Amino acid sequence: MSHPTPTPHGFPQAIAPRAWWQRWWSSQSSHRQDRFAMLAPLAAVLLFLAAIVAAFGYLRLEEVEREQEAVKRDLEYAQQRLRLRLLERQEQLMRLARDISNKEMDPEEFMARAEALVVQYPELQAITWIDASRRIIASQVTPSLVAGNPWVAGEKLKPGDTETTFGLARDLLQPVYSQPAASTPTMPLLQLHTPLTEQGHFAGVILGEYSIDNLLRYAVPTEISAKYAVTLLDSRDNVLAGRAIPERQNSMGFLPWATHVNEDEVPVSPVGNGLILRAQAWRTSLGVVGSGLFWLVCALSAMTAWMLIANWRHTRRRMHTQNALVAETTFRRAMENSMLTGMRALDMQGRITYVNPAFCQMTGWSEAELVGRTAPFPYWPEEDHPLLHARLQEELSGKIPPAGVQFRVKRKDGSLFDARLYVSPLIDALGKQSGWMTSMTDITEPNRIREQLSASYERFTTVLEALDASVSVAPLGSEELLFANKLYRLWFGTQATGHLQLVEQAGMPEQRLSDDGLDDVDGLAGLPTGTLTTARPENAEIYVAQLGKWLEVRSRYLNWVDGRLAQMVIATDITPRREAEELSAAQAERAHSASRLITMGEMASSVAHELNQPLTAINNYCSGMVTRIKDKKITDEDLLGALEKTSRQAQRAGQIIQRIRSFVKRSEPNRTLSDVPGMVAEAVELAEIEFRRRNVRLTYHIAARLPELRVDPILIEQVLVNLMKNAAESIDTAARPSARRNVELRVLPKIEEGLRAVEFSVTDTGQGLAPEVMERLFEAFFSTKAEGMGIGLNLCRSIVESHHGRMQARNLYNGQEVVGCCFSFWIPVTDSPQIDAFKDSGVTA
């Protein structure tokens, strides 16, 4: 009798794998054995199903590959047929072009030969002769298009795709194909421009127009049209001719044998990439998967897998239920042991039946010392026994309020702490009450914090009462006053009327709840969307008539102690400050008026010279008329002409005086939306008097479409006049020659400090400013002139800054030499569109 040969590990070859498998299986837990026992049959079923799917997929992929090769082969054949037909028509059009270039054909013979080609070849729709000047010499179209022929002899090509391709053919002197966009979708066309040459020079084109639909119909063989859906597409995949197979949504498209459209595309030569020929195979039956064998195998496999999974899930549910019971018991025990709240259970007679570890830790008594005890309990202080007995009777009778009761508890070491007890009925598994469950919380620390908060509130209230500002808090949507300090009560009393008046007069959002239902606007609309701690406060200055005071009102939102959203308003008396500001404004206005008077005083001689000219002219006209009237040598027409000239000179003098009067007269600041070109024109007219006296040329440039500025136009004109007058004086002082006596005024839009602005700059060709003068340029009462008061530039800067603008000065250099100075200032545009639109107009920062 033979025995199996031992293996190197000491096991016979026949039993070694089996023994290893048994050892591995026995080393697994029962839970893992159950899992493997259920997963093995399921894996076998899935592998069988995968093998069936792979077999059918392989067969289908081979079938699709064969169909794709057939489509590609037939499409290449159709492409060659289409290419040969295009080349034949191109050769015929080139013969026409050659005969015309050789002067062997006139328009009548051209029409005859073109008609023969159009009638013989259905794809040719029109043949047109166009000379080098784009004028149509002759045109022949198919009989169906005679009524709508766009090519009329004697007319010129209109701008469009055809005219563009005409130019390309002229430049290349080669036949050029194109697809005009003007062709209708129902009859798309293909154009061929064949150039004409005369002694090497371009002499025009022969334009042939093909019907793409007829080209496809007569060029593609019928056997290919029967097997495939053949279409001609443009470069954007739009169907020009033929019929394409529509896309069909296939819910089983993920399977290898799912129905797909076999197709292929090739460009049409010699047209190029602009015309594409596509063939799509018509759908056939499913072939090898047409029977129900595949679906029967899938259904049986799915049913077997479903039964295995259902059996496995049922076993797992039973095991999970057993594990859940063990986990629930362990969890409840761990929760009781980890709770910081003391738990105590009493039976209906008031005997302790259960305490948790937290209760024992809080009192210092062990579970053995407490369970089974009756009143008085060891943790009761002796002096509180009567009170605690009464509390125990209330607890046993269920009269303890839901908010709980507070009492003192004595630890085992004799120390006391404050505790709060909450009581609830203890219900057993049968639904009957078996006692009372009591939870106890140590509130010593919360009581200490509450006392500290109370003391802090008293200190806070004392500080607010002593403030010299009114402080009030009211909830949104209510007329209740939550807090008001002493000054608020002195001004407005104890009602919320003053709070609401301040909010309304300051224009701050204070929302009220509507009585009309939920269809009204949201009561919280307009409130800050960010967190209340980061919301920015709102400030306003208002005048309260009933108090006769100016108040600075600041407001912000906050969460009140009860969780409601409230609004705090702080009002500070700023009446003295406003009075000081008004006094300062009045003084500034007087300074502005004085500055204008000084300016006009300095320009007095120029103004007198300017007025002398119209007054002298008036005197001359009047003397001449008197003399001629006395001599009776004047006609009515001469008299009327002289009077009209005298009137114009008088109007000119009046305009000069009116401009000076409006510039000098004192007026309150009046900021209105002002037109920039108008302000500049007024200032230039006043300054030109000084410029003419000093023989200085003034050039100015104003950008187009400047926005209006909210300014006082008189003050801005004052700044411009001062700057231009200073520029003329600087040039006169520097004794520049006539060629260099120039002042330039430029007004341009600009982005400054993130704001839209309009910049005014005055550039002169004087001697510039010394460094020590530049440092003190805008100081009050500082002047480089012998008789100057030093308030002109200081007031100019004050005027610009009062309009929220900035003013600056800089020297101009040519190498190391100073060749002039530039004073500039900018005024921000307030009510205006967004800054991006301003940048689009070419503005630079």
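A polar contact here is a pair of N or O atoms within 3.5 Å; within protein, one must be able to donate a hydrogen and the other to accept it, and residues adjacent in sequence count only if both atoms are side-chain atoms. Keep that in mind for the first stop.

Before you click, note that this is a predicted model: local features need pLDDT of at least 70, side-chain atom pairs count only at pLDDT 80 or more, and totals for chains, interfaces and linings use all residues. Numbering starts from 1 along each chain as its sequence is written, and side-chain values use heavy atoms, with hydrogens and water left out.

**Stop one: Thr-572**

Select Thr-572 and Arg-554: their side chains are joined by a polar contact of 3.5 Å. Thr-572 sits in strand β19, residues 565-573 (strands are DSSP runs of E, at least two residues; helices are runs of H or I, at least four; both are numbered from the N terminus). Is Thr-572 buried or exposed? It counts as buried, at 18% relative accessibility (buried means under 20% relative accessible area, exposed over 50%, partly exposed in between, with a 1.4 Å probe and protein chains only).

**Stop two: the rings**

Next, colour the aromatics. Rings of Phe, Tyr and Trp (its six-membered ring) pair if their centres lie within 6.5 Å; planes under 30 degrees apart are stacked, over 60 edge-to-face, and the rest tilted. The count by this rule is 9 aromatic pairs. Pick Phe-359 and Tyr-379, an edge-to-face pair with 5.4 Å centre to centre and 80° between the planes. Phe-359 belongs to helix α8 (residues 357-363) and Tyr-379 to the loop between α9 (367-370) and α10 (385-396), so the pair ties together parts 20 residues apart in sequence. Phe-359 is buried at 2% relative accessible area, and Tyr-379 is buried at 1%.

For a tilted pair, jump to Tyr-543 and Trp-550: the ring centres are 5.4 Å apart and the planes are at 55°. Tyr-543 is partly exposed at 39% relative accessibility, and Trp-550 is partly exposed at 22%.

While you're in the loop between α9 and α10, find Pro-376. A cis peptide bond, omega about 0°, joins Ala-375 to Pro-376. Most peptide bonds are trans, and most residues other than glycine have a negative phi.

**Stop three: positive phi**

Which non-glycine residue has a positive phi of about 55°? That's Ala-735, in the loop between α18 (713-734) and β23 (742-752). Ala-735 is exposed, with 59% relative accessible area. Then try His-804, whose phi is positive too, near 65°. His-804 is in the loop between α20 (792-802) and β25 (806-814), and is exposed at 55%.

**Stop four: a charge over a ring**

Select Arg-89 and Tyr-121. Arg-89 lies over the face of Tyr-121, 3.5 Å from the ring centre (the rule: NZ of Lys or CZ of Arg within 6 Å of the ring centre and within 35 degrees of the ring normal).

**Last stop: a surface patch**

Switch to a surface view and select Met-303, Trp-306 and Met-307, a nonpolar patch with about 380 Å² of accessible area together. Accessible areas come from the Shrake-Rupley method with a 1.4 Å probe; for residues, only the protein chains shown count as cover. Patch residues have over 30% relative accessible area and no salt bridge; like charges are joined within 9 Å, and nonpolar side chains (Val, Leu, Ile, Met, Phe, Trp, Tyr) within 5 Å. A salt bridge is a side-chain nitrogen of Lys or Arg within 4 Å of a carboxyl oxygen of Asp or Glu. Met-307 lies in helix α7, residues 293-338, and is partly exposed at 46%.
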